[in-house]
Structure formats: structure tokens, C-alpha cells
Amino acid sequence: MAITNVTPDYSVDGQIDASQVDDIKASGFKTIICNRPDEESGAVAHAIIKKEVKKQGLAFHYMPIAGSGITADNVADLAKIWDGLEKPVLAYCRSGRRAEVVFQQAQLAKPVTSSGASKSNHAPTRVVIVGGGAAGISTASSLMERSTDVAITIIDPSDVHAYQPGWTMVGGGIFNPEDTVRTMASQIPGGVKWIKKAVTGFQPKKNQVLVEGGEAIDYDQLVVCPGLTLDWQAIDGLEETLGRNGVTSNYRFDLAPYTWELVTGMKSGKAIFTQPAMPIKCAGAPQKAMYLSSDHWLRQGVLDQIDIDFCNAGGVLFGVKEYVPALMEYVEKYNANLSFNSNLIAIDGKKKTATFAVTDADGKTKKVKKTFDMIHVCPPQKNHAFVSESPLADGAGWVDVDQASLQHKRYANIWSLGDAANTPNAKTAAAVRQQAPIVAENLLAVAAGSPPPFQSPQNRECPNFAPQQGQSYAY
Ligand SMILES: Cc1cc2nc3c(=O)[nH]c(=O)nc-3n(C[C@H](O)[C@H](O)[C@H](O)COP(=O)(O)OP(=O)(O)OC[C@H]3O[C@@H](n4cnc5c(N)ncnc54)[C@H](O)[C@@H]3O)c2cc1C
């Protein structure tokens, strides 16, 4: 047991089992509330706990809160019975988090009259997060970890949350596709509300986001992280031949298995791997597809019969020069040909021909056609139109944030991270992992009226908060 005292009258814990009820009674608790739904994986059926609780002469209430979020009914139910409960109360769920947050919200909904809980009119900070991908879920978790004084809503229309780095592994025959997706509901932290709709626009001067159907959602603090969009249409003929004629891409969940099918079926011929102009998410993914495929052909003893071409719209193998020598060892090991400044512009699937715009050293561009037996395409990428056409965008369409604080340059209560932001780092989940705690810390500080603790000393562009004397640079 790891009981946390929220107030003298109310404590929370993670999942308990029947054998612990004895100790709970000995600790002085008079009432136990189960907030964990029976159907949740790993839950002990509440009836088992209830039987033991009753045997010990304590009161028991089953008030399940779904992992997808605390509802207004959950809050109202607790507020309604609170005054009549024998105290102190111990509430439990999976980690204790839902039990804690529902209590905080019930206090605000109906000031409770316990000895320890104050009668507060203070409302929690309403945080709206646009996008429940790597960045949205990480930020919600980071905020929940740091504060109970937030009411978080994630807006995302998707039923599933994808672990996209896993798609490279699916294309390499290492992961099963189903291992790379979870239901969105299972990933949204307990206590966070989910609006399953697409955001269509921003009204930063009104502190509102618009969702499909025209509804406006109010916020105190906004986190914008809807990722980016893949521009398949930018390559003539690509969409109609994807998944057929030897044309594949690990950038789509449903196509990654086709990559592995092509790789395992290939014993000789020409394999092309393409990379578009930056920025793209995971700059390494187009190359990883090539290395994993080549390694399979090497182990099958067919590598000598396969002509491998890496066609890169850029002029270098990888943007971080320190990695290039190690990558070149593999390029040489697999005898891959590197074609730089070679931008895929069209595919004719039936003729198995790809057309590239190839720019020479003098800046002259000509069209070059290459035939293939298989081609792995990484599509060009851009921001969603609802972001790039909004007041939040910079000139290139990305959310315009200060790269150190991740605070919007014009709206002090707006934050962005992940692929949608205009930070200069690579667009990766690895970057999100570093960014999410920074957004959480900074947002909570600003909501409390303090300067963001993480910002660069040279950040003079954001007029709202000057850096503190002697404050260290966050990265
Ligand atoms: C093939 C591949 C390989 C990769 N490999 C790696 C790797 O090895 N290492 C690594 O660190 N990263 C890798 N990445 C990149 C990594 O997956 C992304 O950088 C990361 O997912 C970005 O997180 P995000 O939350 O910004 O965007 P996402 O995770 O894409 O999430 C965006 C969310 O926003 C939602 N959304 C979209 N439109 C709207 C809307 N209108 N309203 C509300 N919500 C919306 C989407 O449904 C989605 O849930 C890879 C990506 C791919 C595709």
C-alpha cells in the first residue's frame, strides 16, 4: 500500500487487495471508496474487497471512474454523498490518481465540509490539448504528475494512438502491426477528459478552439500538438499505386507489412528508397527502411543480386554530421548507391518507373527516370491546414513558439511541441520526451502567474516574461 493523504479526511491509494483491509482499518479509516472499474485490466473485483470491508465493519462505496476520464457525473456523485460519509475516507483506483482528482473536482463543485478541505471558490486551470499523439499524451501525463489543480481536456478525433517508430520495425519484419497501436481511450491518463472530435480552428483572442460542428471550447491554457500531415499527393501518381506494384511506405500503418512482404519476396532486381526535403518526422526512418531491408538480403545471401539506390532530395546522408561516418560504413557494407539532390516527383506503378528532379552542382534541374522492382517512399510532409492557416502559424505554417520555452511568441497562454511546432530540432518522439516536461513546468508556472522556469537567456522575443537573472538554459 502507498497511501497518500490528500486531506486529513481523504486519502488515496492504488489498487488494494482484500488482505490489506485489516491494515486499512487499523490505520483508522472508516470508509473505503473503489474508483476502479471492475472491467479494467488488473482490477480486483470490487465485490471481493467489499465483502472484506463489510466484515471489518467499515463502509464501502463502488464509484467506478473510467480510464478515459472523470465525468461530470463522477464529480457530482462524490460531492452528493461526501457530507454523509464516515471519515476518514480511503479511495482507490489503479494508481490513486483518479481518486485524487475526482476529490479535488468535487471540492470545487460543492465545497465540502471536512475538517481539512477548504471551502474554495478557486477553479482549476482549464488546459486544452489539441492532439492525443506522443506529445499530447506525454504532456497530459506530465501535467497530472505535477498538479492536481488542472482540468485537462484532450481533443483528438482518432480511435487509436499509434507508436509510429514501431512501423519501421513492422517494415523490417521485427514487430507485428497490432503491437504498434492502442485504443486512444486506454492511453488517455485517468482524470483527463477526451473530446473525440477534430479541431478546425483557433480563436486565440477569445481563448477558444473550434471543433468540427462549430462548437467553441474554452481554455485558460492551450497546448497545440496535432502532429503533421503526410503529403502523398505531392508525388504524381503515388496515391493510386501505394500498396501495389512494388510501391510501399513505412509511413502508413497499413502499408508497413507490405514493405516486409516485398523485402522477403525479393531475390534480385532494383530497390529504391527515397527521402523528401526536410522537415520530415524521423529523418532516419527512410534510411532505416533501407538498412533493415539490406540486412535481410545479406542474411539471405541475395544482396549481390540486388541493386540498392537511396535517392535523397537533400545534399547529405544525415543532418547531424557526427553520425555520417557510422552510417557510411553500412552504406558501403550493403553496397548501396547514394543519389543526392534527387527528389521523387512522380511514380508510374504499372510501368514500375519513378521520376526524380535531380539538381546538379550548378543548380540546374533535370528529370531522371529510374525503373524499380520495389520502391520505399517517404512522402513530403507539412503542417495541417487548420494550423498553417491559423493565427498561431509562422511564415512556413508551423506553430510559432520560442524554441526554449515552447511558449507561443504572440500568445502567452499557448504552447506547442512535437511535430507541429517550429522548433529547430528533428521531429521525433525522442524530442517530444524532452519537450513535454518543459511545457508542463512552464505552463503551470505561467498559470500561477510566474515566469516560465525553462527559457533561453537570449529569449527577448517573448514580451511577457523576461528571463530571470542567473537562470540556467533548459537544454
Ligand atoms: C515511420 C516512422 C518512424 C518513426 N521513427 C521514429 C523513431 O525511430 N524515433 C523517434 O523518436 N520518432 C520516430 N518517428 C516520429 C514520431 O512518431 C513523431 O515525431 C511523434 O509521433 C510526434 O508526436 P506528435 O504528438 O507531435 O504527433 P503524433 O504522434 O503524430 O500525434 C498527433 C495526434 O494529433 C491528432 N490530430 C490530427 N489532427 C487533429 C485535429 N484536427 N484535431 C485534433 N487532433 C488531431 C492525431 O489523431 C494524432 O493522435 C517516426 C515516425 C514515423 C511515421
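The largest nonpolar core here has 65 residues, a core being a set of buried Ala, Val, Leu, Ile, Met, Phe, Trp, Tyr and Cys residues joined through side-chain atoms within 4.5 Å; buried means under 20% relative accessible area with a 1.4 Å probe, protein chains only. Y10, I129, I152, F202, V209, L222 and V223 have the most contacts inside it. Helix α13 (residues 429-447) gives the most to this core, eight residues, where helices are DSSP runs of H or I, at least four residues, numbered from the N terminus. Both domain 1 (4-109) and domain 2 (125-228 + 383-447) give residues to the core, so it lies between them; the bounds come from an automatic or database domain assignment.

This is a predicted model, so to speak of local features takes pLDDT of at least 70 and side-chain atom pairs need 80 or more, while totals for chains, interfaces and linings use all residues. Numbering runs from 1 along each chain as its sequence is written, and side-chain values use heavy atoms, without hydrogens or water.

As for polar contacts (N or O pairs within 3.5 Å), a polar side-chain atom of D419 sits 2.8 Å from a ligand oxygen.

Definitions and conventions. Buried < 20%, exposed > 50% of the residue type's maximum accessible area, 1.4 Å probe, protein only. Helix = DSSP H or I, 4+ residues; strand = E, 2+ residues; numbered from the N terminus. Polar contact = N/O pair within 3.5 Å; in protein donor to acceptor, adjacent residues only side chain to side chain.
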